[in-house]
Protein chains: 2
Amino acid sequence: MAGKQVQVRFCVPDLQKERANCSFNKEEITNIFDGGEHNTETRRKLQNIIFSDPNLQDPIPPDYMSHEQRYENELRKAVYVMKKFMTDPQLQDIGGGPEAIKWMYNSILRHAIHKDGNPLMLHFGMFLGAIMGQMSEEQQAEWLPKAMSGEIIGTYTQTELGHGTFLRGLETTATYDPVTDEFIIHSPTITATKWWPGGLGKTSSFAVVMAQLHIRGQNYGPHPFVVQLREHVTHASRPGITVGEIGPRLGLNSNDNGFLRFDNVRIPRTNMVMKHSKVLKDGTYVKPKSAKLSYGVMVLTRVGICYDVCWQLMRATTIATRYAAVRHQSELEVGEAEPQIIEYQTQQYKVLPMIASVYAIWFAADTLRHTYMEVQKNINKGSDLDLLPELHASSCALKALFSTDVTDGISVMRLGCGGHGYLASSNLPRIYTSTTPSQTYEGENTVLWLQVARFLIKSFREASKGGRLQPSVAYFKNHQTQTRRITDLSNSGLVSGYERSVLSMLEAVAKQLQQYSEEGMRYEHAWNACSVRLVNVAKVHARYIVCDQFVKALAKYEGSSGVRQIMDQLCRLYMIYSVTNDQGILLKSGALTPDQCNLLEEELGELLAALRPEAVNLVDAFDLHDEVLDSTLGAWDGDVYNRLYNEAMKSPLNKVDVPDAYYKYLQPLMKSNL
Amino acid sequence: MAGKQVQVRFCVPDLQKERANCSFNKEEITNIFDGGEHNTETRRKLQNIIFSDPNLQDPIPPDYMSHEQRYENELRKAVYVMKKFMTDPQLQDIGGGPEAIKWMYNSILRHAIHKDGNPLMLHFGMFLGAIMGQMSEEQQAEWLPKAMSGEIIGTYTQTELGHGTFLRGLETTATYDPVTDEFIIHSPTITATKWWPGGLGKTSSFAVVMAQLHIRGQNYGPHPFVVQLREHVTHASRPGITVGEIGPRLGLNSNDNGFLRFDNVRIPRTNMVMKHSKVLKDGTYVKPKSAKLSYGVMVLTRVGICYDVCWQLMRATTIATRYAAVRHQSELEVGEAEPQIIEYQTQQYKVLPMIASVYAIWFAADTLRHTYMEVQKNINKGSDLDLLPELHASSCALKALFSTDVTDGISVMRLGCGGHGYLASSNLPRIYTSTTPSQTYEGENTVLWLQVARFLIKSFREASKGGRLQPSVAYFKNHQTQTRRITDLSNSGLVSGYERSVLSMLEAVAKQLQQYSEEGMRYEHAWNACSVRLVNVAKVHARYIVCDQFVKALAKYEGSSGVRQIMDQLCRLYMIYSVTNDQGILLKSGALTPDQCNLLEEELGELLAALRPEAVNLVDAFDLHDEVLDSTLGAWDGDVYNRLYNEAMKSPLNKVDVPDAYYKYLQPLMKSNL
């Protein structure tokens, strides 16, 4: 094992020193995050192929391109990826084709190829997903081959200019005309304009459109329909369709997010997406078997977001940790050489808990995904759907928690790199700007927290009546008999502290809801008047799930003792970091005493010191290729200053010593005073 | 008064309704933030002049421009501003000239003219500042007229590729050569490369350069020198000078942040900036009268940052609040119309505390500025400099606190606008990206917090010995006699709760420092091992200062009772928001009980409901011109959806229905499958 760690690649002495000793087998950790040795191998093969292909490189850094050039550049690469995966023999060896493209675009590699968005992302994600998951078998037979081959390019359009997370508020209508056997798709107002879908502006020729289904004057609620937006061959937008790009964003500027308006556009009845609901020729509406079925897609989408933000945090922690080992600053002792900034406890406190968070997120997301697949299997066998609401609540909680944790964590990593973290060439700006939208898409986080709270309050009432509880809230059952104070500060003690705090908060908010009701407030208003507290309890419950899963995942871990030991330390760090951040909640509920908080703070300091020598090795173990990091500060060799300088030299402003702008504007000013 | 509120300008019905009733005189609040009626009038006159000048408009939104075009566009406007302020008779009426430019660039208007950075910003800020503040009178006579007229353009270069906040670590050298009466400026390593200064890359012909002063083999530490970088007329970089742009950033991409290397560049001895220190012809070094004098400039710079982030928060809260009154979403009651999202408590909890924060920041910054001016007057009269370290500590604390609070607050405002907050046209992305660098520039925040902690620990020890305490820590004097628990939840009770918590934290950390020392750890290492806790106590002390100043400012306020009342509510909201966020600290110290926390949470809910009807009027009172807001979501008329749509239509991708990229890349793919 030690032999494997010997490095032959060049790196700066500071990193050589960090890498010289490693207490654990890095490769074993790499395999965890790849989901097994085989996947690590496949990923590395794929990396070798795509990162050596000049067609997948950018001719100049995209930051120097105009808005139009950036779109064109990404479209070029996205189309090239399709061709390459269909035809390149090297790729067929490791399983080419559209499935492999989907696999790659659902991996961290997508960030390396398409740095700031990909016009075909929604085609491979939501459009193919809707075909495969929501279409009837006949429909799939018609649409899937065309979409797989790229004969048609599609996207998924749900949100509107005036309507987001609240699906029932959508205004676009699909009105059935039995005379012609068609639906009429229409945007009745400006706020009904479809707004946001990736790839919609200029790329897609088709879209799945969510619209209110109207039959004979009755509204059956939002349903999906396939609509052709652009003509074959000419790609001209079709009659009745107004489509375009919505303009620049904080990030993800290369995926032509678009708008779309319909002026009474007619489509065949059979273009309704009909796996679950149907409309017959005579206008009869056929309901889906269960409304809960639609939860499934959302659960998977949100688990996908958890993995994605986890990768982003891996990227950010790798960059910040390596830079902290290379950067020297200030003095620990007067007159001595400036130490590596990772020697500072304040810096350790920035990077190490975020490295631990990567594991916490990973284990929680992975557990949820496995549970979902288990449940899905049962559903296919015809079992009941009882667990779906529970999974739905957990996926809302984890998506909201991790999108926030990671966005904040990336900011901490960026600021932990000082001013240089603000440079585009550090890549931390882009990692931030492409992560933060996960806080609002696929369910705005505050709305999700309130959904989690609704599940908690319902379960809490169920528990009070001695009713059946779902697994994630099984701990509610003891709530009336438990004392609040925890007796030990072990991990299980702290997990139990979270449990007790959630119950204490639920008790308080249930009482307040009750009180408002007694004062004559309607339930919805009482709910609203308690909603800040409801969001808080949902957040604490989510943190409980994550802590609990982290501890449980390690209890089951069967790898080497070295890896087990370092993960135990990271788990402990995550626990204490979380509890000390939430100390107000744990103190208020009486779960913890002030003295216990002090003990935890001291232990935190000790853990930071103990983990500091492992920091660089820990991020090395994420095994992120330099092309995935794309960072002057985070590259494997740590040659930070030369990289910063060389990257700056690429600025078009540096092509000439004196820019034209000088002659046009500055020279007249400066000369006029000579 | 009510008569003045009648609106004749068009706005959407939702905002009409909000504006129909206002319990206070908006103009009185506007005057507070302008610093008096006269200033409000001047600002409005200036706005009328500059916002109607087509030369100060952007031909297309800068987001669509390339990196070079953006620089050129801002340089054009910056030079035009100089000419206009020198010559436009309208501007002379309200006091034109360079002083007026400085005034404008130190006001919120600068964000309206230069949306993403200004190549001349450092010229008017730091370069003129260094001339006026740090040069001797003879030097000023030589340099000031040239800099004022624009004959020379300068910047201020301190940070290096490998060196930031830690001034003593700078590597650039200025070695005195008595034979030629010159200094030799040199960059000995790549890490010595000057890096970051605005306007350095292509604009400036001169720079103030911080370099280690060497005389006869002895290093006297960093001192400022004026160096000519580019030739007159040709603007070519001079021999021995390597200068260029450092490449794109997260934001502020139009101010040619630059790098600079010296290869033994000779400058006359008299180019040393010599108000405080001097080098005589024979090589004699003349020390400054007091090392504390240099604190003055930093205090003012950091106060300036506090005002600037305050304006940014005004912009963000105005946008988010107006949008929250226009946006309708979800249901409060099943089947009823979707309410304005500002009806939701969770939304109120996002915007209202941030509106209150604007006042908190303003009063704290204003108090510090006035104290500084008072102290400066005494110094000029020859009084002692004792208060400068105190002012220095307070300015570090407020800069670090407010840059963080506001950056986070802007994120909350952006996320509070849902997906649309991610659109560049909301302007929230740019407000964020141009605010967050304040967390690392002019002193990286973690370093500043540790400086504040050093001041606190020193003062705490002084207090234990019964020594003299500076005003901001006068409360330390009672620390041994006080019980921790506060007896009432009034504002002064809560302020006192903060005092007690700071003291409790200081006691704990002082004990830990002591313990480490007794265990044989060297002091610097013990300090480092306590530094996470030290940063925490510094933050709580800073929050104490702000709460205390807010309460005190209102106690002195002599305006109308309507304004007084609304500001009292905002102050109370700020207090409770702060205390409930910091409840862990107040509970741990024993200042608060869990029951008291619950009472405060209930009061928070009541305050949000009470302030909700005033929300739009409160942000109206900031009186931000639509050009200052530059936001589709935040414009005065609330015509959000038409503005979003119209702004999107400006995208160059929307100029044609089918972009060239289609024919180049997509068509071959899609046709090959037909």
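Let me start inside chain B, with B:Leu629, which touches B:Arg315, B:Thr318, B:Ile319, B:Arg322, B:Asn427, B:Leu624 and B:Gly634 when residues up to four places away in sequence are not counted, and where contact means heavy atoms within 4.5 Å. This is a predicted model, in which local features need pLDDT of at least 70 and side-chain atom pairs count only at pLDDT 80 or more, while totals for chains, interfaces and linings use all residues. Residues are numbered from 1 along each chain as its sequence is written, chains are lettered from A and ligands numbered from 1 in the order in which they are written, and side-chain values use heavy atoms, with hydrogens and water left out.

To stay with B:Leu629 for a moment, this residue has its place in helix H22 of chain B, residues 626–629, where helices (H or I, at least four residues) and strands (E, at least two) are DSSP runs numbered from the N terminus. B:Leu629 is buried, with a relative accessible area of 0%; the word buried stands for under 20% relative accessible area, exposed for over 50%, and partly exposed for what lies in between, with a 1.4 Å probe and protein chains only. The C-alpha atoms of B:Leu629 and B:Lys102 are separated by 21 Å, and the two residues are 527 residues apart along the chain.

Another covered element of chain B is helix H13, residues 428–435, of which 8 of 8 residues are buried. Among them are B:Leu428, B:Pro429, B:Arg430 and B:Tyr432. What covers the buried residues of this helix comes from both chains, and includes helix H13 (387–416) and helix H14 (428–435) of chain A as well as helix H10 (295–326) and helix H12 (387–416) of chain B.

That brings me to the interface itself. Here 135 residues of chain A are in contact with 135 residues of chain B, and the area buried between the two chains is about 12100 Å², of which carbon and sulfur atoms give 61%. Buried area, in this sense, is the accessible area (1.4 Å probe) that two parts lose on being put together, summed over both. Of the area that chain A buries against chain B, 7% is supplied by A:Tyr422, A:Lys588 and A:Leu653, more than by any other three residues.

The count of salt bridges between chain A and chain B is 12, a salt bridge being a side-chain nitrogen of Lys or Arg within 4 Å of a carboxyl oxygen of Asp or Glu. A:Lys350 forms one with B:Glu444, and their closest N and O atoms are 3.7 Å apart. Helix H25 of chain A, residues 660–671, gives the most to the side of chain A that touches chain B, with 10 residues.

Let me turn to positions that carry an annotation. UniProt, in an unreviewed entry, places the feature "active site" at A:Glu442; such positions are given in the numbering used here, feature names are shortened, and annotations may be inferred rather than shown by experiment. A:Glu442 lies in the loop between H14 and helix H15 (445–464) of chain A, and is partly exposed, with a relative accessible area of 35%. Leaving aside neighbours within four places in sequence, A:Glu442 is in contact with A:Met126, A:Thr301, A:Arg302, A:Ile305, A:Lys399 and A:Leu448.

The feature "binding site" is placed by UniProt, again in an unreviewed entry, at A:Thr159 and A:Gly198. Although these are spread over 40 residues of sequence, they cluster in space, the largest C-alpha distance being 11.4 Å. A:Thr159 is found in the loop between strand S1 (154–157) and strand S2 (173–177) of chain A, and counts as partly exposed at 24% relative accessibility. The backbone oxygen of A:Trp195 lies 2.8 Å from a polar atom of the side chain of A:Thr159. A:Gly198, by contrast, counts as buried at 7% relative accessibility, and has its place in the loop between strand S4 (194–195) and strand S5 (206–215) of chain A.

Finally, a word on the backbone. Most residues other than glycine have a negative phi. A:Asn264, however, has a positive phi of about 50° although it is not a glycine, and this residue sits in the loop between strand S8 (258–262) and strand S9 (265–268) of chain A. B:Arg216 likewise has a positive phi, of about 45°, in the loop between strand S5 (206–215) and strand S6 (218–228) of chain B, and B:Arg216 is exposed, with a relative accessible area of 63%.

Terms used:
A polar contact is a pair of N or O atoms within 3.5 Å; within protein, one must be able to donate a hydrogen and the other to accept it, and residues adjacent in sequence count only if both atoms are side-chain atoms.
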